[in-house]
Amino acid sequence: MTHSSADDRRTVTGKRRIAFAVHTDGDRLSGLPVLLRSLALTNPEVCEDFVVLHAGLPDSSFDELRRLHPRVVTRRADDRLDVFRLDGYDTVIALDPAMVVLGDIGELLRMRHGVGAVPQLSCDGEAGERRSVLPEGLLVVQRADVDDAVAARVAGGDALDAALEGVLVPVDARYDFLTRRLYDDTPVPGSVAVLRFTGPFDEPGYGPAAEARRRFEMSDADFRAAYCALPGAKHPDLLTHCASPLLTEQPSLDLARAVADVYRQQGRYDEAVDVLAPVVADRLDAPRCHETLGVCLMALSRYDEAEAHLLLAASSPDVAPRAFAQLARLAWLCGREEAAHAYALEGLDAEPTDAGCHNWYVRTRPEEREPETDPAGEQLAHVALFAEGKENAGDKVLPEAVRMCFDTDTGPRRWYRQPVHRLVDEAALEQLNARRGVVVGGGGLFLPDTSPNGNSHWQWNVPDDILARITAPLAVFAVGYNVFDGQLYRRRRFSESLRALVEHSAFFGLRNHGSVERVRELLPGDLRDRVRYQPCPTTVARHLVPGWSDPAERSDTVLVNCAYDRAGLRFGHDYGHFLAQMATALRSIGDRAEVRYAAHMPADERFVHDLRREHGLTLPVEPLYDMSNDGIRDLYARSRLVIGMRGHAGMIPFGCGTPILSLVSHPKLAYFLADIDRPEWGLSVHDRQLGRGLAERAAAVLDDHEAAVADVHDRQDFLWKITRTNVDELREIFG
């Protein structure tokens, strides 16, 4: 996945964009391949834009660099100090062609303030020895701290020490270590992370320094092989960039699986199959490869092929539990409940403690008796993600809230449930058409992962030809465009199925205006006006829940929630910063109220463990995933404030009348706050002053809590009017 092909919503989430930058001319260009190779081989998980500033070199001059790195960007610039004016980036790490990277530079990527540089010892004839910032040295520029005055001083030719007065942040010398300190063949200290040559690379007297650099003088093929052979985690963009030529020349089973895993995580399932299938074939000694291939084929809705490869994977005792869990999922997707149960049982025979197989075993157990239902023609069908067990608490509350919009009876008597991920085949089509209407929603169903399929490329697993034969009135209700900032969404198939869906729907409502705009971008002009706004029903729970009454008293409690799915897309290089800022905020808030943690999923509890380990703060945990829907709403309604990162950690408490503050790591949180005209209730997880800002806003809510609650009620009334109007229209459509 290249940066240009990813979904870019940094202006919404505040996500920091980082670049390395280097200025070169024709004479110094030859140093850049060594610099790039050294950066990749010593920091294999790092892959940011590598911006080459030059005064007018031909584009072909950079072909070698592009072979080495997938994110080389070239820009015209007369001077190295143009890094202070490099548009499109929040942090710019300026390097020099005479540098070579020898160690971990994560500290530079995590810097958040000022302009970092290494003051170097120099000798001024009159002033004697002094430390100064050299123009060609390392610079870590935070663009937010370079105002017009600083930029003018830099451009005006002032000494960098004077130009950066007030914003200069000294950096340890190991990040810009000069070779002139290594005369007489002095060994390079092991702590040096960035070595800068102050003379020719092969200058006599600097043998160890030259040898350190020579390690990175290699052919393209040797570099690719060296990078792919590195132990541990590697950046997916760099891995696929380096591995693709190797797989063409000398296919390797392990490398093919590694690349296929990257493609799978990025939603590029067809490419994963193309890489892995020719290498794996029907080999019996590659169970993990068969497992990966089976999962990718399943994501393309090639179910028969997927089942064959997963069965081959299941022949290995080490892989069998995971493979059988996937086989159970595949059978369930295809409506084969008995086969799904049998596969889950086989997985438990292989490993009795396997959680995946246990979940599918429980989920596919035969019902003792069918519940009594109304005649099919009097029911509505609900297509949704129906969470079970310890799954996301928000996904438990949401489907019920959708049904509450139409009927006080939300159970099986009045509603036919069609799981959104299950393939809509002929039998399922017959069941849908027997109902008086079909409601698809809610939730962030316009999403390329979670449970991918090749039929629609979003969460509803419905082929176009089946969709066209749905005769019951179809309503898409409060669905969200849930793509993460920086996530790849290959939209061609999705756009085709989306167009068919909009054309066929009697009602098409998305849960925030951000989603409305994103989806309209993918539609032809004649269909765009059919996309309308329908708030998430969880945001109007006070108007939906039968017998609702606002709490007479609230507990003196602030609830906090964080999310960890797709953590790299949420936090980038800023997780340590986020954790420290949250510790600062929670200590302050804890002086005013009891702070407790609301875990929507077991994985959310990572925040509690990390906070205790890194900052010595302990939070009691409320396991919402173990609560009933009424219990979840009651907990949120009785709290004084909820600070949440998950979308429904904001929308559910808001719907219960509780003030909220949102930790924005996904565009959907900002979209919701924009809809209710309260963007100030959100703070980006990347905000440099997150701790102070969150503490101040929480204090304001707690100090004037009655006004904050009244504000929530007022905003909610606006959403309720829209919902009521839309539901009245749908009642007429459904009869």
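## Close-up views of a predicted model

**View 1. Helices H10 and H12 side by side.** In this predicted model, the axes of helix H10 (residues 253-265) and helix H12 (residues 287-299) come within 10 Å and cross at roughly 30 degrees; axes are lines fitted to C-alpha atoms, for helices over the stretch in contact, and angles run from 0 to 180 degrees between N-to-C directions. Helices (H or I, at least four residues) and strands (E, at least two) are DSSP runs, numbered from the N terminus. Angles under 35 degrees count as roughly parallel, over 145 as roughly antiparallel, 65 to 115 as roughly perpendicular and the rest as oblique, and H10 and H12 are therefore roughly parallel to each other. Contact, meaning heavy atoms within 4.5 Å, is made by Leu253, Arg257, Ala260, Asp261 and Arg264 of H10 and by Arg288, Cys289, Thr292, Val295 and Cys296 of H12. Sorted by class, these residues are 5 nonpolar, 1 polar and 4 charged, where Ala, Val, Leu, Ile, Met, Phe, Trp, Tyr, Cys and Pro count as nonpolar, Asp, Glu, Lys and Arg as charged, and the others, Gly among them, as polar.

**View 2. Helices H17 and H27 crossing.** The axes of helix H17 (residues 393-404) and helix H27 (residues 629-638) come within 10 Å and cross at roughly 100 degrees, so H17 and H27 are roughly perpendicular to each other. On the H17 side the contact is made by Ala393, Lys396, Val397, Glu400 and Met404, and on the H27 side by Asn629, Ile632 and Arg633. The residues of this contact divide into 4 nonpolar, 1 polar and 3 charged.

**View 3. Phe20 and the largest nonpolar core.** A nonpolar core is a set of buried Ala, Val, Leu, Ile, Met, Phe, Trp, Tyr and Cys residues joined through side-chain atoms within 4.5 Å, and buried means under 20% relative accessible area, exposed over 50%, partly exposed in between (1.4 Å probe, protein chains only). The largest nonpolar core has 100 residues, of which Phe20, Ile93, Leu108, Leu138 and Leu195 touch the most other members. Helix H14 (residues 320-333) gives the most to this core, with 10 residues. Leaving aside its neighbours within four places in sequence, Phe20 is in contact with residues including Leu39, Val46, Phe50, Ile93 and Leu109. A second, separate core of 81 residues includes Met582, Ile589, Met645 and Leu661.

**View 4. Asp220 in helix H8.** Asp220 is found in helix H8 (residues 220-228) and, at 15% relative accessibility, counts as buried. Apart from neighbours within four places in sequence, Asp220 is in contact with Arg37, Arg67 and Leu68.

View 5. Most residues other than glycine have a negative phi. Ala478, although not a glycine, has a positive phi of about 60 degrees; Ala478 is found in strand S17 (residues 474-481) and, at 0% relative accessibility, counts as buried. Arg566, also not a glycine, has a positive phi of about 55 degrees, and Arg566 lies in the loop between strand S20 (557-561) and helix H24 (567-571), where Arg566 is partly exposed, with a relative accessible area of 25%.

**Notes to the views.** Residues are numbered from 1 along each chain as its sequence is written, and side-chain values use heavy atoms, with hydrogens and water left out. Because the model is predicted, local features need pLDDT of at least 70 and side-chain atom pairs count only at pLDDT 80 or more, whereas totals for chains, interfaces and linings use all residues.
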